[in-house]
Amino acid sequence: MSTPTYYDAILELVPNPKAGVNIKGDEIRINWEDEREQPTQKAIQAKLSELQTDYDAKKYQRDRAEAYDPILEQLDQIYHDIDGWRAKIKAVKDKYPKP
């Protein structure tokens, strides 16, 4: 998952729109070709803020995913040493606790 973008906010408000977004510096241009109503800048900014808040709240998930061993290694360890595997998983969860 990557940092939410302006276009992600539009997609949340209007799924699969016929539109393009160009961003140059602080200028945002939307090429809206969809028959549905175009969301307002205020609605887009509010949705973007909501998406960013959700993204920030899930940082622990991204940190954990990076810290875990690859799944094939985990499966092998489960087969050979399930208690050692549990200890490794617990160590990662303790290091990156759920808020």
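Axes are lines fitted to C-alpha atoms, for helices over the stretch in contact, and the angle between two of them is taken between N-to-C directions, from 0 to 180 degrees. In the predicted model, the axes of helix 2 (residues 41-57) and helix 3 (residues 59-67) approach to within 4 Å, with a crossing angle of roughly 45°. Helix 2 is therefore oblique to helix 3, since angles under 35 degrees count as roughly parallel and those of 65 to 115 as roughly perpendicular. The contact is formed by Tyr55, Asp56 and Ala57 on the side of helix 2 and by Lys59, Tyr60 and Arg62 on the side of helix 3. By residue class, the contact of helix 2 with helix 3 comprises three nonpolar and three charged residues, with no polar ones.

Strand 1 (residues 19-24) and strand 2 (residues 27-32) are paired in the antiparallel sense, with six bridges. Ala19 has Trp32 of strand 2 as its bridge partner. The two strands form a hairpin with two residues between them, in which Gly25 adopts a positive phi near 65°.

Helix 4 (residues 71-80) contains Gln77. The relative accessibility of Gln77 is 17%, so this residue counts as buried, the cut-off being under 20%. Apart from neighbours within four places in sequence, the contacts of Gln77 are with Asp69, Ile82, Gly84, Trp85 and Lys88.

Methods. Residues are numbered from 1 along each chain as its sequence is written. This is a predicted model: local features need pLDDT of at least 70, side-chain atom pairs count only at pLDDT 80 or more; totals for chains, interfaces and linings use all residues. Side-chain values use heavy atoms; hydrogens and water are left out. Angles under 35 degrees count as roughly parallel, over 145 as roughly antiparallel, 65 to 115 as roughly perpendicular and the rest as oblique. Contact means heavy atoms within 4.5 Å. Ala, Val, Leu, Ile, Met, Phe, Trp, Tyr, Cys and Pro count as nonpolar, Asp, Glu, Lys and Arg as charged, and the others, Gly among them, as polar. Buried means under 20% relative accessible area, exposed over 50%, partly exposed in between (1.4 Å probe, protein chains only). Two strands pair if DSSP finds at least two bridges between them.
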